[in-house]
Amino acid sequence: MIKTIEDLRVLDDEIFKDFNKLVNHLPFLLKSDFKNTVEICSMFMYSSDCLKRGIFDCVKSNDTYSINVLYRSINEHFFRFKYFYFNNSSFKDDSYAFLFKTSLDFSEKMAIEKAINSAKQMKNEGIKTPKEIWDSLVSSNKDFGKFTKEDTSEFSKSLSIKNIIRYLEKKVSASETDTFLQDRIIEYSLLSSYVHGGIYAHIDSVAFGVAKDKAEQYLNIYGSTLQITTSIKIFSYLTISQFMPEFEEMYNNSLLLMRKIK
């Protein structure tokens with residue numbers, strides 16, 4: 001039975017063993033016909049584990065503010081992964097994963113170009129036209145040219161966190177059993193104040209400073225964090241097992257361990 005943060009750490013070590021097996025398979029998997037699917041799954045598994053370690057370090061140092069900033073971030077990673085999983089599960093090839101990865105890359109580079117334009121405008125320097133930005137992006141990555149500008153732009157917009165949450169909310173309402181996802185969406189909204197410098201974060205952190213149940217709250221946050229990282233692993237293994245059956249054992253192992261977290 002889980003009673004302490006250390007109990008969760010021991011369980012996490014067990015869960016991580018299967019992830020290490022995946023790492024050993026990566027050189028082969030990243031050359032397979034499903035290389036984009038594998039890359040996206042491994043990307044979210046790795047990034048969520050990094051955030052999980054950061055949250056644990058903040059728990060040890062009693063850094064409540066940073067815990068909540070990182071906790072909101074890991075929830076956002078979780079939402080983006082779930083969006084990918086739900087949409088990718090209907091495909092029997094790597095095409096959706098390729099579009100997803102390419103569009104993420106495109107949208108991030110587009111945002112950087114727009115920021116550069118804004119900075120130049122403030123300095124009264126010459127700015128790029130939309131066509132010049134598009135031409136520049138296409139020349140930087142040949143994959144961008146495999147889609148029309150309209151298609152890439154439209155799909156990139158669908159990957160904004162607001163659209164993803166709207167999509168997931170519909171999924172939750174269609175399946176009321178997914179209370180974990182529903183709770184994370186609510187928490188994500190509450191914790192925005194910590195990221196954006198809002199007054200709620202100040203009030204909440206002051207209240208936490210005098211709270212008598214800090215240990216229990218830390219346990220709940222770290223428990224939810226471990227559930228998020230494990231869920232990402234579980235559905236990644238399930239996805240990869242569709243074309244590499246030996247990953248089904250890793251999926252089953254992680255599923256059993258996940259049930260111990262609650």
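## Two helices that pack

Helices here are DSSP runs of H or I with at least four residues, numbered from the N terminus. Axes are lines fitted to C-alpha atoms, for helices over the stretch in contact, and angles run from 0 to 180 degrees between N-to-C directions. This is a predicted model, where local features need pLDDT of at least 70 and side-chain atom pairs count only at pLDDT 80 or more, while totals for chains, interfaces and linings use all residues. Residues are numbered from 1 along each chain as its sequence is written, and side-chain values use heavy atoms, leaving out hydrogens and water.

Now look at α4 (residues 95-122) and α5 (residues 130-140): they pack at about 135°, with axes 11 Å apart. That makes α4 and α5 oblique to each other (under 35 degrees is roughly parallel, over 145 roughly antiparallel, 65 to 115 roughly perpendicular, and the rest oblique). On the α4 side, the contact (heavy atoms within 4.5 Å) uses F106, K109, M110, E113 and N117, and α5 brings I133, W134, S136, L137 and S140.

## Aromatic pairs

You'll find 22 aromatic pairs in the structure. Rings of Phe, Tyr and Trp (its six-membered ring) pair if their centres lie within 6.5 Å; planes under 30 degrees apart are stacked, over 60 edge-to-face, and the rest tilted.

Take F16 and F19: with centres 5.2 Å apart and planes at 50°, this pair is tilted. Both sit in helix α1 (residues 5-29), 3 residues apart, or about one turn of the helix. Y65 and Y194 are an edge-to-face pair, with centres 4.8 Å apart and planes at 65°. Y65 belongs to α3 (residues 64-88) and Y194 to α9 (residues 192-196), 129 residues apart.
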